[in-house]
Amino acid sequence: MAHVIHDFTYDGTLEGLLSVYLKCIAMKVRPLDIRPDFMVRGKPFEERYMYVRTNLQLADRLYRYMGQCASAELQQMITDCFLTSLPRMELDLYELVARGIRFGASVTEDYEDETMHRIQMAIRDLYRESQTIAGDIGFKKESGVAVTMLNPRNCVLPLIRNRILNDPRYDDILAYDKRHYLILMRNGSEDDILDIRRLPVPAVRDVHDIYETFWPYVTGDRDMRCQRITGVRGRGADGLSPLWHIA
């Protein structure tokens, strides 16, 4: 009997994770473990994982289907859960999606189920932390650029992005989340969230290091961005914004 793989790895984006769920549905298997590929690559246990390529079109269809068969609230729970620090986020989110497909909008009101309760508590923590950080965030000027470093438990930059960018006190902005390897930048009329977790990011100690390390990446042309930090091209080096509600 052929061995059926129940462990999966993906590119670390929400679209990639939804692609894993679609693969599980197609294979008729329940995932035992799902991890971003950068957490698996080069490890002794790498061979037991199946890498699932991201299919943006199918992932978008699944996401839209969740809104049609369930509710916009369930869609929001999916994107919010993906930003939380849940230890088993990928597997808990799989349960949310699978139950959404099966039961529809009622899953968002299931307060007795342990998995749903865990997700709801994690999302509350996500929003509490985002409000706290947005209220306490402090910038320091480096050559006219407002720079700060964050270390949040949850991935809060997508939630506080507009609040930071709409602050009239700052023009050019560079906010670095060192835990999740994300940069929120504004350079003139251009602003974006940059995912740099695939790059060999050097240690930065203060806002001066952040400015010296990342501002050339933000302001350089697309070819030079890759060269100045890594010397290579690849996903994560082009200023990608992988989440729908970040774009």
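**Is Lys28 buried or exposed?** Lys28 is exposed, with a relative accessible area of 78%; exposed means over 50% relative accessible area, buried under 20%, and partly exposed in between, using a 1.4 Å probe and protein chains only. The legends below start with the whole chain and then come back to this residue.

**Figure 1. An overview of the whole protein.** This is a predicted model, in which local features need pLDDT of at least 70 and side-chain atom pairs count only at pLDDT 80 or more, while totals for chains, interfaces and linings use all residues. Residues are numbered from 1 along each chain as its sequence is written, and side-chain values use heavy atoms, with hydrogens and water left out. The protein has eight helices and eight strands, which are DSSP runs numbered from the N terminus (helices are H or I with at least four residues, strands are E with at least two). Of its 247 residues, 50% count as buried. The accessible surface comes to about 12,900 Å², and 48% of this belongs to carbon and sulfur atoms; such areas come from the Shrake-Rupley method with a 1.4 Å probe, and for residues only the protein chains shown count as cover. Now look at contacts, meaning heavy atoms within 4.5 Å. Among those between residues at least 6 apart in sequence, 64% join residues at least 24 apart.

**Figure 2. Two loop residues with a positive phi.** Most residues other than glycine have a negative phi. Lys28 is not a glycine, yet its phi is positive, at about 60°. You will find Lys28 in the loop between helix H1 (14–27) and strand S2 (33–36). Ser143 also has a positive phi, near 55°, in a residue other than glycine. Ser143 lies in the loop between strand S4 (140–142) and strand S5, and at 64% relative accessibility it counts as exposed.

**Figure 3. Helix H1 meets helix H2.** H1 and H2 (residues 56–69) pack at an angle of about 80°, with their axes 8 Å apart. That makes H1 roughly perpendicular to H2. Here axes are lines fitted to C-alpha atoms, for helices over the stretch in contact, and angles run from 0 to 180 degrees between N-to-C directions. Angles of 65 to 115 degrees count as roughly perpendicular, under 35 as roughly parallel, over 145 as roughly antiparallel, and the rest as oblique. On the H1 side, Glu15, Leu18, Ser19, Tyr21 and Leu22 meet Leu56, Leu58, Ala59, Leu62 and Tyr63 of H2. By class, this contact has eight nonpolar, one polar and one charged residues. Ala, Val, Leu, Ile, Met, Phe, Trp, Tyr, Cys and Pro count as nonpolar, Asp, Glu, Lys and Arg as charged, and the others, Gly among them, as polar. Glu15 is buried, with a relative accessible area of 9%. The C-alpha atoms of Glu15 and Gln57 are separated by 9.0 Å, although these residues are 42 apart along the chain.

**Figure 4. Helix H3 beside helix H4.** H3 (residues 72–82) packs with H4 (residues 89–103) at an angle of about 170°, their axes 10 Å apart. The two helices are therefore roughly antiparallel to each other. H3 brings Leu74, Met77, Ile78, Cys81 and Phe82 to the contact, and H4 brings Met89, Leu93, Leu96, Val97 and Gly100. These residues divide into nine nonpolar, one polar and no charged.

**Figure 5. A closer look at two residues of H3.** Gln75 is buried, with a relative accessible area of 16%. Leaving aside neighbours within four places in sequence, Gln75 is in contact with Tyr63, Arg64, Met66 and Gly67. Thr79 also lies in H3 and counts as buried, at 3% relative accessibility. Although 65 residues separate Thr79 and Leu14 along the chain, their C-alpha atoms are 7.7 Å apart.

**Figure 6. Helices H5 and H6.** H5 (residues 114–136) and H6 (residues 157–165) pack at an angle of about 30°, with axes 9 Å apart. That makes H5 roughly parallel to H6. The contact is made by Leu126, Tyr127, Ser130, Ile133, Ala134 and Gly135 of H5, together with Leu159, Ile160 and Arg163 of H6. By class, it has six nonpolar, two polar and one charged residues.

**Figure 7. Thr148 and its surroundings.** Thr148 lies in strand S5 (residues 145–150). At 6% relative accessibility, Thr148 counts as buried. Beyond its neighbours within four places in sequence, Thr148 has contacts that include Ile137, Phe139, Leu174, Tyr176 and Val207.
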